[in-house]
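Subject: Structure handover

Hello,

Here is the structure I promised to pass on. Please open it first, then read the notes below it.

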Amino acid sequence: MDIFTQQLINGLVLGSIYALVALGYTMVYGILELINFAHGEVTMIGAMVALSVIGVLLGASPDLPGLMVVIAGLLVAIPACMALAFGIEKIAYRPLRKAPRLAPLITAIGVSIILQNVAMLVWGRQYVSFPAILPRGQHEILGAHITDLQIAIVVLSLLSMAGLWLLVEKTRLGRAMRATAQSKEVAELMGVNVDRVISYTFIIGAAIAAIAGVMVSAYYGLAHYYMGFMLGLKAFSAAVLGGIGNIAGAMLGGLLLGVIEALGAGYIGDLTGGFLGSHYQDVFAFLVLILVLVFRPSGLLGERVASRA
Amino acid sequence: MLAVLLAALPFLIGAGLGNSWVRVLDFVLLYVLLALGLNIVVGYAGLLDLGYIAFYALGAYLYAWLASPHFGLHLPFWMVLPLGAALAGVFGVLLGAPTLRLRGDYLAIVTLGFGEIIRIFMNNLNAPFNLTNGPQGMNLIDPVSIGGVSLGKSLEVAGITLPSTYLYYYLFLAATLLVIVVAMRLQHSRVGRAWAALREDEIAAAAMGINTRNVKLLAFAMGATFGGLAGGLFAAFQGFISPESFTLWESILVLCMIVLGGMGNIPGVILGAVLLTVIPEALRYIGDLQRATLGQVVVDPADLRMLLFGVALVAMMLFRPAGLLPSRQRKREFSAQDGVAEQEQASLYDTKA
């Protein structure tokens, strides 16, 4: 088995999940310049809701086709996360729109703590396992294995990204979003309902996050109330890597971070002569992130903004 | 008056709430130290730092290396503490140097990455040679001893027994007062004014002849030094350290303290640190409250504690967006006419490009 191709595939799969979560960070940041710390937790809630639905459906009739059950879970998780994000924005961020920039950051952290602990109360401290109901076919390309699930994750991610891209570039709402990101005041003068656009931004980001949450729990076979934290952190790093506020950047950053991590985990032992093991994969990811930012301070695809307006 | 109150505080709290609260009081002071240190970087210089706890970790680990059976070294605290502070300061510069060009949230993510890297190393450097003892952490760290009197044991003075937590309270109080004085003097010094200028408008600051590179590095170094000092004290007090004490959550918690209290304003920062340390402890009593009002424990208090902490964080911020005790300048800007306020806020304490 070719380790390089294998790690590349694993990295791309993980990276496409990171990219989906990163999109939510980057869209909100592009419009509000807010690090929506609670976004990782929204992803976690998506996974948890889907798992609950799957559990109920399987409990009712265990012979339902697995794929259908998972899709049903996803279809419940998406609106649940959308509603959640709508509520979060309305309660915790909107009243602080004119406050100093770090104030909504703190409420975001607060919301994130609240969501984690609500999830802990509802779903418990234990890992919730994802039932093995999905088809488990395996294919071989270039000497490496790829599972049906991995293919599905990549395809679904690409479809979501394409959908988002169409939405932002081709629709009225997308144009309103881009206008709002450039200047809230001017957009408002042009007749854009800025509050509504911001709500939509959160809602769309949450829908994508729900998809990512279900995928990540299916991929690892489990979900946990704390899983959103690290996932969110990685995704945010990915968004920054690509240039925060830039949608294509978030996709690129996510994929890149996933690949770097996987390759790093695979090769770090050889690179350092066995001195550092694969548990340093996060160090590797962060180190690359820091290096990229040192040489390209506004991320890979970020625009070079004048340092102060 | 205040001095008497501060001196008597552990006795009042020990008598009123029990000795476990004196321990909480010690931690309050440690967090005040940390918050004041981070306040230099974030509040004074306007550089958003999400990896601050790494410096705390460095101070703590250096203390543990030089004063525990781990390497068989038992240097006295007055040597180790400054060394720890200095090491943290050096790392502050090391982190600051490559990030000078970064602004705002890019800086935040780099500092966050730095904090995680330090923690992961602490967590894994038990092989190939055992430097940090990995996730188990290091224990049996020497307590501080002053003039042959160990603060790790109770001390009897004039018929009154002072438990270890009381003794550490006075040590931490001394350190905190020192840091408060330094922080206050710094704020109004030439460097402090340079930081304020940098925070408000970097280009204008550079045009006024401020060497922005050196001034930024100095902010990182000063903040890190305080963090390292607090870390050393923490290691000595606790006698045990492990990477778990130095997670990203701790960095975020300290940041919450200063933002919630009122960034850049020393009394505000202290208030924030006190509140955010005491609230989670006070919330341990929810179990008793449930028994008293509902007759039984309905929800496990440990589960509810952090939830209510999050709610408190959101509520306090919504209620006082500029912080509980904002600095005078900030308050003025906040209550100014809408247009003016917005204009000023575009450059105020924000770290955006």
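Start with helix H9 of chain A. Of its 16 residues, 14 are buried, so the rest of the structure largely encloses H9(A). Buried means that 20 or more other C-beta atoms, placed from the backbone, lie within 10 Å of the residue's own. Helices here are DSSP runs of H or I with at least four residues, strands are runs of E with at least two, and both are numbered from the N terminus.

A word on the source. This is a predicted model, in which local features need pLDDT of at least 70, side-chain atom pairs count only at pLDDT 80 or more, and totals for chains, interfaces and linings use all residues. Residues are numbered from 1 along each chain as its sequence is written, while chains are lettered from A and ligands numbered from 1 in the order in which they are written.

Back to H9(A). Its length checks out: at 1.5 Å a residue, 16 residues should span 22 Å, and the end C-alpha atoms are 23 Å apart, which agrees. That expected span is 1.5 Å times one less than the number of residues. After H9(A) comes A:Gly243, with a positive phi near 110 degrees.

Now chain A as a whole. It has 11 helices and 4 strands. Buried residues make up 51% of its 309 residues. The C-alpha trace spans about 60 × 55 × 35 Å along its principal axes.

Two of the strands pair, which takes at least two DSSP bridges. E2(A) (residues 138–141) and E3(A) (residues 144–147) run antiparallel, joined by 4 bridges. A:Glu140 has A:His145 in E3(A) as its bridge partner. The two strands form a hairpin with 2 residues between them, and A:Leu142 in the turn has a positive phi of about 50 degrees.

Next, the interface. In it, 42 residues of chain A are in contact with 41 residues of chain B. Contact means C-beta atoms, placed from the backbone, within 7 Å. On the chain A side, H4 (102–123), H9 (227–242) and H11 (281–295) each supply at least two residues. H4(A) gives the most, with 13 residues.

Last, the core. The largest nonpolar core has 220 residues, and A:Cys81, B:Leu33, B:Ala35, B:Cys256 and B:Met257 touch the most other members. Such a core is a set of buried Ala, Val, Leu, Ile, Met, Phe, Trp, Tyr and Cys residues joined through C-beta atoms within 7 Å.

Best wishes

Methods
A residue is buried if 20 or more other C-beta atoms lie within 10 Å of its own, exposed if 12 or fewer, and partly exposed in between; C-beta atoms are placed from the backbone. Two residues are in contact if their C-beta atoms, placed from the backbone, lie within 7 Å.
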